[in-house]
Amino acid sequence: MKNTTSTICAILAIMAVAIWQPAKAQERIVCFGAVVDGDTIPCFHLNEINVKAYVYMLSPSEIKKNKRLIRNIKYTLPYAKLAKRKLDEYERQMAGMSEKQRKSMMKKAEKEIEAEFGPQLKKMTFSQGTVLIKLIDRETGNTSYELVRDLRGKFRAFFYQTFAKLFGYNLKDKFNPKGNSKDRMIDRIATAVEQGKL
């Protein structure tokens, strides 16, 4: 009986030593913090997420069916985002300017954009150009025609629209994901790309 008890005690001691391990040094994460009522609370920067409505994720069959559209959106979405940033930047710079100063600035901006992005935009296929027109409306809330009209005037907008029509584009195309199934698919794909899921 004495041997059994001592054996059980020895086994329990070995198990206790095996289970109890000294705490491993944890990896350190360096971040900003805020002290609130004597407690330090870590603060992390999170990426902004726009919640418009619930968007169903694409199924594998939808991804397979829309490979070309996905490729076109991945190619053109950065240009639409850039258009939004440039538009916001120009609007800030033009605040308080006279009409003459605004026109002069927009002519200069148009030349800069043409020099920087013209060659890349000219290489786009027809379907990529159509997707870009939709995505610009999605990002800015205005059609390409309205943007040109507001920034460069009605005559320039009419000229661009006429020129675009010769190549089969329509700068007045509205982005309407609620009423148009193709626009809805563009929105779903663009959202998935923005979230890093495609």
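These legends accompany several close-up views of a predicted model of one protein chain.

Figure 1. Let us start with the overall layout: eight helices and two strands make up the secondary structure of the protein chain. Reading from the N terminus, the elements follow the order α-β-β-α-α-α-α-α-α-α. Of the chain's 198 residues, 27% count as buried. Among contacts between residues at least 6 apart in sequence, 66% join residues at least 24 apart.

**Figure 2. Confidence along the predicted chain.** The average pLDDT of the protein chain is 79, and 84% of the residues score at least 70. Which element has the lowest mean pLDDT? That is helix 1 (residues 2-19), with a mean of 58, while helix 8 (residues 181-194) has the highest, 88. Please keep these values in mind when browsing the other views.

**Figure 3. A look at Asn 72.** Asn 72 sits in helix 3 (residues 67-94). Is Asn 72 buried or exposed? Its relative accessible area is 3%, so Asn 72 is buried. Leaving out residues up to four places away in sequence, Asn 72 touches Ser 127, Gln 128 and Val 131.

**Figure 4. The largest nonpolar core.** This core has 22 residues, and those touching the most other members are Leu 69, Ile 73, Leu 77, Leu 132, Leu 135, Ile 186 and Ile 189. Helix 3, helix 5 and helix 8 are the elements that each give two or more residues to the core. Helix 3 gives the most, with eight residues. As background, nonpolar side chains tend to be buried together in soluble globular proteins.

**Figure 5. The largest pocket and its lining.** The largest pocket holds about 1,500 Å³ of space. How many residues line the largest pocket, and which lie nearest its centre? There are 32 lining residues, with Ile 113, Glu 114, Leu 121, Ile 136 and Tyr 160 nearest the centre. Helix 3, helix 4 (99-122), helix 5 (126-140), helix 6 (144-152) and helix 7 (154-166) each supply at least two residues of the lining. Helix 4 gives the most to this lining, with nine residues. Sorted by class, the lining comprises 24 nonpolar, three polar and five charged residues.

Notes
Residues are numbered from 1 along each chain as its sequence is written. This is a predicted model: local features need pLDDT of at least 70, side-chain atom pairs count only at pLDDT 80 or more; totals for chains, interfaces and linings use all residues. Side-chain values use heavy atoms; hydrogens and water are left out. pLDDT is the predictor's confidence in each residue, from 0 to 100. Helices (H or I, at least four residues) and strands (E, at least two) are DSSP runs, numbered from the N terminus. Buried means under 20% relative accessible area, exposed over 50%, partly exposed in between (1.4 Å probe, protein chains only). Contact means heavy atoms within 4.5 Å. On a 1 Å grid over the protein atoms alone, a cavity is a set of points where a 1.4 Å probe fits but cannot get out, and a pocket is an open set with protein on both sides within 12 Å along at least five of seven lines; lining residues have an atom within 4 Å of a point. Grid points are joined across faces, edges and corners, and a volume is the space filled by probe spheres set on the points. Ala, Val, Leu, Ile, Met, Phe, Trp, Tyr, Cys and Pro count as nonpolar, Asp, Glu, Lys and Arg as charged, and the others, Gly among them, as polar. A nonpolar core is a set of buried Ala, Val, Leu, Ile, Met, Phe, Trp, Tyr and Cys residues joined through side-chain atoms within 4.5 Å.
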